[in-house]
Amino acid sequence: MEDVIVRYVSRFILPFVQLYGLYVVLHGHLSPGGGFSGGAVIGASMILYALSFNLAAGSKKLSHDVSSILESSGALIFAGMGLISILLGANFLANRAAGFPLGTPGNLFSSGSIAIITFGVGIKVASTMITLFYSLIEEEDHSHDHH
Amino acid sequence: MNFSQHLPALIVVVPLFFAFLMPLLARWRKQWCVPVTLGAIIFSFLAALKMVFQVMSTGPFSYYMGDWPPPWGIELSIDYLAVFAALTVTGVGLLIIWYGSKDLLHELKSEVIGWYYTLYLLLIASMVGIVITNDIFNMFVFLEICAIASCGIISIKESRDCIEAAFKYLVLSVLGSGAFLLAAAMLYMVTGHLNFTFMAEALPEAMALYPNNLLVALGLLIVGLGVKAALFPLHVWLPDAHSSAPSPSSAVLSGLVIKVYAVAMIRLLYLVFPRELLGLAPVMDMILGMSTLAIIIGSMFAIVQDDIKKMLAYSSIAQIGYVFLGVGLMSESALVGGILHIFNHAMMKSMLFLAAGAFIYGTGARKLSELKGVGHTMPIPTIAFCIGAFAMVGIPITSGFISKWYLALGALDVGRPFFTAVILISSLLNGIYYLPIVVNAFFSKTEEVVPEPEKLPKQMLVPLALLSFGVILFGVYPSLILGIVYRAAQLLLGL
Amino acid sequence: MTITEIVLRLHANSYYFFAIILFIIGFHTMLTHNNLIKKVIGMNIMDMAIFLFFVAIGYVRGGRSPILEPGVNHTFINPLPSALILTGIVVAVSVTAYALSLIVKLYKHYGTIDAEEIMRIRGGGSL
Amino acid sequence: MQLLGSFLPVWIVMFPMVMTVVIYYVEQRSEKMRNALAVATSVVTFLSVLALYPGVMAGNIIEFELFQILPNLAVSFRVDILSFSLALLSSFIWMLVAIYSIDYMCKEHGCNRYYPVLIITLASCMGIFMAGDLFTLFVFFELMSLISYVLVVHEETIEALRAGYKYLIMTIIGGLALFFGIIITFELGGSVSLSNPVPLISEPSNLAFFAFISFLIGFGMKAGMFPLHVWLPDAHPVAPSPASALLSGIMLKTGAYGLLRVIFHVYGIEFMQATGWTIIIAVVAVITILLGSAVAITQENLKRRLAYSSVGQMGYILLGISILNERALMGNIFHIFSHAFMKSTLFLAAGAIILKTGKKNIRDLGGIGRQMPFTMFAFTLAALSMIGIPPFNGFLSKWTLSLGAMDAGVPFYVLILLISSLLNGLYYLPIIIAAFFGEEQGEGHKHELIKINEAPYKMLIPIAILAVSCLLFGLLPSNLPFDLSRVAAEYLLRGGF
């Protein structure tokens, strides 16, 4: 896709989209939204980049390999936080009982493990969307080679 | 810090955690994939075993995820049925993937093997999750993970049959999950709870107000879980899916996955829905009718199959019928038989699929007619197959006999000898399609020179041997497992 | 039951009614269309119907989104179904993605995404 | 000593089983050792059974529960006079057959399969006769039936496989019918033990009737009862001759034994007399007798004719069961002995002929008596006994049976026995006459000097022992089988306790 308008517009809005996604993820424990919504926004921004420039450019920014590594690590953060709760002597995924500092409600640094979990979910969702996109696109390329 | 009290969570989380770790391992430390997978499942297995002893000595207990007590949080209910099913899933699942660690090298492209372990661990985790959760939405999530993972382990072998079978399976699975979620929504609507225990408390009152709503919900649940468990008219996806998949996948799908849905159905039918609701509509009779048809027609279809794995797949349709027969008869013995058959069939059918996989591995033959004389060239898989076949027919001293005994006794207990006859007829049909294979394998001379089959590695033979040993052991000494099955049945029937 | 009563009842339960209609549309699309992509679309419509139904359960007339602000007291809608449905949507997305990738593979093998065509090729093939 | 005595049944069953494994390992090294071990195992088993004699004759019943599989469902052993009689008979004939097999099988392929199977069928047969409850009986019954499949298809020809398939399917049907019967018994009686002081089923009901029919199908299938005999004439002839001797001589009797147990322990004699269900057995028995004997006449293959003859003879036994009085029962049990001796002799003799001449068809057997006089003489003795000519044991059993029928006031049965004897004569005598006086078939041989060409002595001795027994047990007024039959019949009519 070699459309100048699309390129310019996307180049213009991409930072805002990503910033917004990051904001939603980081404020997941405070406001509507959270890991999934924010992650989806971030993922969409990368997809937009790869679509409006091209696949190679997209891969250069965030390759398929890296995104699948991120995908795993996002999930691992989630599961790991749960396990940490157990290590701290509470039930799986316990928050206050495990002794995570809850802070003042409404502050950015509050609500203990939830913020971290949301962050993990954000990474997971964003990278999953990108990985899915790559998988589908690359598969298609592959098939074109065959025909 | 006391680890053992967190086992209910860990039994699910550890495989889940390593499932996500697996892609990373596959990238950097490929040789670690197998030991880590095995380790994770062994951990779950030991956890299940520990919980079995715990439950047997101190009774059922619950675990609150995130320290949130119900009705707010997700509750894992560790009762007899749950630990029984968890033990089955992890135990048989362990042997299957042990076998698979070699067989997969043969069947899959090397770059996807790491993903296979991811999917397999996800599958195990979700199956254990389904059986131990006490929350309907949590169950839905695990059902979906289970559905995707099981489609995944079919489509990972990128032959066109597999892809097509996986797609068919996926569509029907989604349909099933949709029905399940709709039912969950309806139940939530009338009770305001997602937790099974609270739901069960609220349902009798709700039933007086909205009986139709509940009946629709019950119907949707039976259809939803029935599709996934391949209960007779909803079984259309099973033969393709189970026969085209790589052999370890077939074994786990036929041996475990469809049973897990049956366990979920048992839990919902017996523990959640009020017994009076069953009086409003002949639900149990419908289940009985479906399972009878499944038993007879599944066996009949199996007779005409030429492909060994397809035959085994049709046989699974018949065997899941036994489980539902036990569910539908509503007597203690029958329920014991049905639940016990979950375990027994898990062992028998995985063993049969693994043995079939060994034949395919060794000779490349899938057709029944090509398996002549295989008993002389590959004795251990053939003997395992033989034991599995006998167990399927229900010859005494194999575990298949014990479950049939209980089912037949249960049918007589409620004064319905017709179902005893159904069980016997189907055993005969089983004999008609299983025994000729055994006979051909040992006693028929082939004119053409058979090429020496590939030698099977130990990793494939030992699980087969262990499974056959298990089939015999639980046939001779069933009290090992019967204690917990009895208690599960009593708990379900409220005795 | 008169027509008015039926209409009134439907109106009172309009969320459920339309959810069911949507469900049936999705179900119908999924089962009757040969085009695999359309099947996936039908699947999604069906899922959406269930999600709408679920969310509608939690809706309280006049309720607001449940964000606690100190000092403000409102009627809130029930947040639980919405939260659950978020999970449901994630699941639906992943199933859709997976189904689409399977369709891509099928297209690679058969050169068509028409279910009947695929069956025809399979039947006539070496299977 | 008491403990040892009660452990003996377990030993008798387990010893051959263990030896099967031993033989399986030994045979990889030495064939001689294998043969010796097989014979030794059967001898030891026979002697062990014999060791039960004093206790059993003193009226003791040995009971031993090995372990419980499920509540009220155990693997247990129980030896009473009936068990003992049949176990003694079987182990004796097994021993002779094992000796016979050494020379017969040396030209066959797959001996390494044959011997372990021979010994494990011995074990399961002992298990059937010494079972202490219906479940154990069922387990060993299935074990024996399934394993003897290997004997049936030993030749691995198309014919054998086809016969084997029929046999297998019939076995499964029979097994499932038994399963049905046993589970109903369990449901109605709460136990399947044979040592219950009262019969397990006391109330006539539909279920009880189903169970009766199921038992009849299950055991009748094995016993070659019409119309479930269809597998028998196919399966028995295709097996190697020693195996045919066992299949016809012993394994058929397990069905009759099972029926006896069912009638006397599950239902009890009063129940049977009250309901009159035994008439079903009587009807099929009469049909079986006539059909077996009549069809035997038309058979050309010697072993096939013998197999049909077995069908007819099993009819006698079933008839004896159905009459339910002492003398009939005694005749019935004695006929189990007689038929075992006679039919084993006949099959072993036929085997000797096949081994030496390769002739399987009756019309080729002209003049065979001059080639193999000894074998044919034994054959003649057994055949005459079959027809029921005094003073052979066949006569004695028929005589006793007829007396029983007269006691019961059914002279019709006597008529049937007579007709069947006539038919027996019709199909046995021509063989004998042709063998001794007939012309040898084939051209150019007519005037050649006929060489005496007997089978090796290891085959002749078992044949001789069996043939002489046929004569002896008919001639002597008081002999072991006859006494055992009498005591067993009394014992059963007492209620079996």
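Q: At roughly what angle do the axes of helix 17 and helix 19 of chain B cross?
A: The model is a predicted one, in which local features need pLDDT of at least 70, side-chain atom pairs count only at pLDDT 80 or more, and totals for chains, interfaces and linings use all residues. Residues are numbered from 1 along each chain as its sequence is written, while chains are lettered from A and ligands numbered from 1 in the order in which they are written. Helices (DSSP runs of H or I, at least four residues) and strands (E, at least two) are numbered from the N terminus. The axes of helix 17 (residues 399-413) and helix 19 (residues 458-476) of chain B, as lines fitted to C-alpha atoms over the stretch in contact, come within 6 Å and cross at roughly 45°.

Q: Which helix of chain B supplies the largest share of the side that touches chain C?
A: In this interface 21 residues of chain B are in contact with 23 residues of chain C. Helix 5 (136-155) and helix 6 (160-191) of chain B each supply at least two residues of that side of chain B. The largest share, 14 residues, comes from helix 6 of chain B.

Q: What percentage of the residues of chain B count as buried?
A: Chain B has 20 helices and two strands, and its C-alpha trace spans about 75 × 60 × 45 Å along the principal axes. A residue is buried if 20 or more other C-beta atoms, placed from the backbone, lie within 10 Å of its own. Of the 495 residues of chain B, the buried share is 67%.

Q: Which residue takes a positive phi in the hairpin of strand 1 and strand 2 of chain D?
A: Strand 1 (residues 62-70) and strand 2 (residues 73-79) of chain D pair in the antiparallel sense over seven bridges, where pairing needs at least two DSSP bridges. Two residues lie between these strands of chain D, and the positive phi, near 65°, belongs to D:Asn72.

Methods
A residue is buried if 20 or more other C-beta atoms lie within 10 Å of its own, exposed if 12 or fewer, and partly exposed in between; C-beta atoms are placed from the backbone. Axes are lines fitted to C-alpha atoms, for helices over the stretch in contact, and angles run from 0 to 180 degrees between N-to-C directions. Two residues are in contact if their C-beta atoms, placed from the backbone, lie within 7 Å.
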